[in-house]
Amino acid sequence: MKLPLKWLKEYVEFNVTPKEFAERMLLRGFEVAEIIPEMDGIDGVYVCRIMSIEPHPNADKLRVCTVDVGRDEPLQIVTNATNVKEGDLVPVALDNATLTGGLVIHPTKMRGVASAGMFCGNEELGITDVEYPGCENGGVMVFFEEHPAGQRIQEALDLDDCIFDIELTPNRPDCQSIIGICREAAAALGQRFNEPEIRHIEGYGDCSDIARVTIENPYLCPRYTARVVTDLKIEPSPLWMQRKLKAVGLRPINNIVDITNLVLVEYGHPMHAFDLACVADNHIVVRNAKENEIVYTLDGKERVMSEDMLLIADPTKGVGVAGVMGGLNSEITDATEATLFESAVFRPENIRSTARKLHHVTDSAARFIKGVEPVNAEKALLRAIELVDELHAGRVMGGMIDVCSADLSEKQVAASVSHVNEILDTDLSADKMVELLGSINIPAEAVGDTLRIRVPHFRTDIEDGIETDWDIAEEIGRLYGYTNIAPTLMRGDTFRGYLSASVKDEDMIKDTMAALGCLELYNYNFISPKELADLCFDEGDERLNAVRLLNPFGEDQSLMRTELAGGLLRAACLNLNRKTGYGRFFEVGNVHFDDPELPVERKLLGVIHTGANEDFFTLKGTLEALFEKLGVERVRFEKGGSNYLHPTQKAIMTVDGDKLGEIGTVHPKVQRAFELSAPAYIAELDFEALRRHITRVRKYKPLPKHPAVQRDLALIVDEDMEAQQVIDVIEAAKARVLIENVRVFDVYRPKLPGDKGIPAGKKSMAFTFQLRADDHTLTDEEIGQAVNAILKSLKFRLGAELRA
Amino acid sequence: MIFDELMQIRAKALEQLEKAASSDELSELNTSVLGRGGMLTAILRTMGKLSAEERAELGKRANAVKQELVERFEARRAMLAEEAERKKIEREAIDVTLPGKRIAAGTGALNPLTLVYREIRDALIGLGFTTFEGPEVEYDEYNFTLLNLPPNHPARDMQDTFYVNDRVLLRTHTSPCEARALKTLDLPVRLVIPGRVFRVDEPDASHSPVFMQMEGLVVDRNVSLADLKGTIDSFVKAVFGENVESRLRPSYFPFTEPSAEVDISCSICGGKGCSSCKGTGWMEIMGCGITNPHEIENCGKDPDEWRAFAWGVGVDRVACLKYGISDIRLIYEGDGRFLSQFK
């Protein structure tokens with residue numbers, strides 16, 4: 001909403017700086033987004049008097065002027081203007097002045113003669129005959145009246161005010177009008193706003209005798225008011241009106257259109273003027289359009305209507321799209337003799353849908369969408385008629401056509417003083433509240449603890465219902481000032497503040513991952529169908545069951561991710577390409593699977609390692625460290641996993657048969673698809689599965705009283721034997737002693753068959769473990785027996801031989 | 001006859017092609033058949049002796065053969081490459097049960113979003129709050145309707161929404177969790193609700209279509225706007241420091257009434273006014289307010305008994321202000337040189 005300071009000054013005494021005003025408005029809920037000078041972008045231009053004009057020594061078309069700009073010394077200006085003479089007062093741009101279009105003027109030399117600046121024409125100053133009649137002379141602007149030399153151009157032209165660009169919240173459609181915003185502005189300046197009275201124009205005859213309005217759909221059009229003006233004289237509107245329109249960015253057209261536009265700005269109510277001669281039978285019919293009915297709007301465009309759209313028609317044809325734009329067939333032209341002014345109320349949601357479907361949200365439509373009200377509709381109409389009379393634009397007919405199903409009665413609500421004070425934690429008296437409401441023209445009286453409020457027609461946001469006290473608290477709060485309410489902390493019962501177990505676990509997991517050298521990613525949830533294809537999931541894999549967005553940015557961001565791998569790979573790729581030197585990343589994030597009801601949401605932990613020192617086992621080491629920290633025990637790694645992983649370098653991680661997730665080298669094909677310049681290693685774990693196996697309290701285990709002995713075994717086993725198989729057998733061996741900390745510490749594959757005595761198809765693996773008893777120190781015999789039992793078991797179950 | 005010769009070259013090439021066991025062999029064969037000195041080229045060189053019709057016919061046929069062979073070479077090459085890769089993959093087999101390696105990998109770091117989220121959260125835990133979470137993909141009903149934003153409400157335009165279908169959307173704020181909490185929890189409650197939210201905003205330096213929000217919700221019998229002020233001020237100070245001030249100024253949200261925007265004194269200039277705060281000395285960080293009684297009623301609780309206040313703070317915005325991050329996209333991009341700065 002643009003509020004020109006000049007306009008505001010018509011209603012109140014402006015006694016603060018624009019900046020102070022903006023601050024006051026801000027603290028009342030109206031943010032001034034910008035304070036725009038009236039002559040926006042013009043700086044450093046002054047009035048000067050031309051003292052003498054001499055020919056230029058080196059150029060025929062240039063002249064050298066000596067000018068008085070009110071400084072101690074006269075200045076020299078070189079000009080090519082031919083319309084100036086000695087004694088003229090003209091604008092001159094000096095000392096890095098800025099002109100329209102960002103043009104900057106510096107002192108310069110023109111054909112060897114110094115020039116301190118430049119004389120300005122109207123275009124360079126961004127003005128027309130509207131702001132200063134006669135300035136559009138094709139050359140340098142010349143003042144017709146006296147001004148002191150050296151006066152700023154803004155002062156000389158009386159364009160030294162500013163325009164406030166004010167952001168409005170959707171609950172205050174009434175402030176999309178000069179009247180509405182000035183009401184608030186006056187209160188912010190501590191003054192009372194007196195709404196201008198509209199002079200009633202009696203007119204001749206009764207327009208109802210010659211024109212009719214029928215509303216076929218009163219739900220979509222609760223009120224339609226109209227008056228008729230005959231004997232029109234279409235001409236440009238007076239300068240004062242053109243200036244006002246230009247100040248808020250509207251283009252003057254002719255007196256009748258300008259009147260509707262001015263009323264739109266003043267009262268915030270969109271109006272339309274029809275050429276009555278083009279309305280068949282002088283009969284306006286407000287009805288739903290027929291499917292595919294065509295209307296040509298004022299902008300010359302063909303509009304194809306549908307049945308849900310509201311049409312302004314006459315008995316034979318459409319003459320306008322309700323609330324959006326008038327029809328070309330009934331436009332006001334220079335030949336128009338009589339007009340019907342429409343001021344109506346249309347249902348916001350209907351106008352919103354029509355404007356959207358026609359891809360055309362006009363100024364009018366925007367106002368209807370934000371909400372207009374029926375009392376103001378009539379005011380706007382009467383104001384337009386007043387202006388017609390004032391401008392002598394035609395003969396006003398008497399009477400008013402008013403088809404109305406809206407409730408025009410004044411709303412009365414009651415609010416509880418004590419409740420409002422409780423909501424705000426203030427201690428305001430009922431009288432103080434009455435005074436505050438009165439400051440923005442809301443009449444109220446206090447009866448005991450009750451405020452009886454007569455809600456003015458323009459305050460559609462104050463409702464009679466459960467929220468009345470809150471509505472009033474909002475008004476009282478902002479008028480009293482939120483900054484005047486002292487902050488407190490909640491009183492009453494004390495609360496036990498705590499983190500949920502899931503949040504605590506997430507903290508611990510993230511902290512551990514960071515401690516293990518990983519950087520935390522937050523990848524977007526949007527992925528492309530190509531990503532899922534590149535990851536080669538099997539048909540029927542749940543990860544292909546992605547949620548699809550109806551309105552994505554594009555096909556490449558059309559799905560919600562079902563895996564974290566893609567995002568991890570993209571991050572790894574970015575870091576490899578940029579040679580950042582960072583290769584360890586993790587993310588804790590949700591994935592979604594489509595479902596007829598709400599998509600299934602699952603939280604995953606994803607980890608990626610890439611870089612020179614990384615391989616499958618460094619990633620496994622990271623995960624083992626995490627498991628250790630979380631107390632996730634007995635994790636088994638078994639061959640297998642998703643297709644995006646390397647077929648012989650991937651594993652599924654389980655605890656007691658419960659799947660935690662997968663780990664593996666990225667498949668070379670996938671590495672290529674994601675354009676990764678180096679191998680990468682990825683793990684994805686189900687967050688909840690991981691949580692299920694966290695050891696929350698670690699019970700103390702008594703320290704051993706008797707020493708353990710350590711034994712190593714080097715075994716010859718089948719080439720494809722996994723270390724885990726051997727460990728399982730060693731741990732399960734019936735050795736009659738405790739077997740602990742079984743670990744593999746060396747694997748040797750012969751380079752050639754028979755190498756180092758290892759036969760073809762075999763390899764050597766070395767294990768270490770501890771033997772111990774709780775109640776005594778083991779004897780050599782016991783140890784020997786235990787090792788034999790282990791070896792026997794290994795031989796019997798795995799065919800493993802002790803390496804010679 | 002020259003046409004027979006052509007067919008012989010074709011047959012021989014196809015035969016050898018199938019026999020080629022490596023891509024090197026294949027390349028050699030390719031050169032000897034299709035290369036500049038290859039058989040096919042050689043045969044075309046003899047064309048000069050032929051009649052015009054024969055020449056045309058030979059050209060046509062030779063081209064057909066050439067095209068066929070190029071395709072067959074390509075197919076064979078792909079097959080051999082796949083075969084080679086399959087063998088390589090077999091050779092690369094590892095024992096996945098061998099122990100992992102722990103190597104020194106430097107210090108990792110949490111994302112600035114996590115750091116800021118924890119700071120806010122932990123300040124609130126001290127005030128008796130608990131954490132609560134809800135789904136990222138949400139019913140329209142929870143995201144809008146229950147929060148006093150019925151279908152066609154103009155304020156729905158304030159938040160451009162990604163839709164899944166006409167009932168389901170990507171939540172545009174963490175506020176639907178308020179409805180879930182009000183419906184399911186015993187009152188009173190003090191909740192802090194973190195989560196990702198989504199809006200149709202093309203990414204730029206200050207917008208991201210995915211960002212992180214933290215909702216605060218306090219429902220009790222006697223809470224007030226003054227309590228809201230105090231609570232917000234306490235976590236603002238926890239995140240930005242004791243000397244940073246906060247203020248509330250009137251605004252509008254459909255789910256709160258009265259509503260307010262929260263400004264903090266500019267962390268760059270300390271409130272004197274600079275380019276970051278557009279000379280005002282204040283920076284807007286979030287919206288808040290007293291929960292609209294309609295929302296409480298919509299969620300099955302009695303607004304005469306329970307009063308609530310709530311806020312929704314953009315964690316990204318706070319992180320950008322706190323750490324001086326000039327472009328929000330850095331948070332989501334994943335460049336290690338950025339992420340590693342927040343150790």
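In chain A of this predicted model, three strands form an open sheet in the order β24-β26-β25, with antiparallel pairing. The edge positions fall to β24 (411-416) and β25 (444-447) of chain A. Each has a single partner strand, so one side of each is left without a neighbour in the sheet. From one strand to the next, the twist averages 20 degrees. Strands of a sheet pair through backbone hydrogen bonds, either parallel or antiparallel.

The pairing of β24(A) with strand β26 (residues 450-455) of chain A is antiparallel and runs over six bridges. Within this part of the sheet, Ala415(A) stands opposite Leu451(A), a residue of β26(A). Two helices lie across these strands. Helix α11 (residues 417-424) of chain A lies across β24 and β26 of chain A. The angle between α11(A) and β24(A) is about 65 degrees. Helix α12 (residues 430-438) of chain A lies across β25 and β26 of chain A. Relative to β25(A), helix α12(A) runs at about 170 degrees.

A further open sheet in chain A has seven strands. Their order is β27-β30-β31-β35-β34-β33-β32, and the pairing is mixed. Here β27 (519-520) and β32 (635-639) of chain A stand at the edges. Each of these edge strands has a single partner, so one side of each is left without a neighbour in the sheet. Inside the order, strand β34 (residues 658-666) of chain A pairs with strand β35 (residues 680-686) of chain A. The sense is antiparallel, and the pairing covers five bridges. Glu662(A) has Glu684(A) in β35(A) as its bridge partner.

Salt bridges come next. Over all chains, the structure holds 87 of them. One joins Asp231(A) to Arg395(A), with the closest N and O atoms 3.6 Å apart. Asp231(A) lies in the loop between β13 (223-230) and α6 (239-247) of chain A. Arg395(A) lies in strand β22 (residues 395-396) of chain A. The pair therefore ties together parts that are 164 residues apart in sequence.

Chain B and chain A also meet at an interface. The contact takes 106 residues from chain B and 118 residues from chain A. The size of an interface is often given as the accessible area lost when the parts come together. Chain B and chain A bury about 9,600 Å² between them. Of this area, 58% is on carbon and sulfur atoms. Three residues of chain B, namely Val96(B), Arg196(B) and Pro250(B), supply 7% of the area that chain B buries against chain A. That is more than any other three residues supply.

Charged and polar groups also link the two chains. There are 15 salt bridges across the interface of chain B and chain A. In one of them, Glu597(A) pairs with Arg167(B), and the closest N and O atoms are 3.3 Å apart. Between chain B and chain A, 56 residue pairs are in polar contact, counting pairs with both residues at pLDDT 80 or more. The side of chain B that touches chain A has 49 nonpolar, 27 polar and 30 charged residues.

Some details of the backbone remain. In chain B, a cis peptide bond joins Leu187(B) and Pro188(B), with omega at about 0 degrees. Pro188(B) lies in the loop between α7 (176-184) and β4 (189-198) of chain B. The peptide bond from Glu257(B) to Pro258(B) is also cis, and its omega is near -5 degrees. Pro258(B) lies in strand β7 (residues 256-265) of chain B. In chain A, Asn292(A) has a phi near 65 degrees, a positive value in a residue other than glycine. Asn292(A) lies in the loop between β15 (283-288) and β16 (294-296) of chain A.

Technical notes. Residues numbered from 1 in each chain as written. Chains lettered and ligands numbered in written order. Predicted model: local features only at pLDDT ≥ 70, side-chain atom pairs only at ≥ 80, totals over all residues. Heavy atoms only, no water. Contact = heavy atoms within 4.5 Å. Buried area = accessible area lost by both parts, 1.4 Å probe. Salt bridge = Lys/Arg side-chain N within 4 Å of Asp/Glu carboxyl O. Polar contact = N/O pair within 3.5 Å; in protein donor to acceptor, adjacent residues only side chain to side chain. Nonpolar A, V, L, I, M, F, W, Y, C, P; charged D, E, K, R; others polar. Pairing = 2+ DSSP bridges. Helix = DSSP H or I, 4+ residues; strand = E, 2+ residues; numbered from the N terminus. Axes fitted to C-alpha atoms, helices over the stretch in contact; angles between N-to-C directions.
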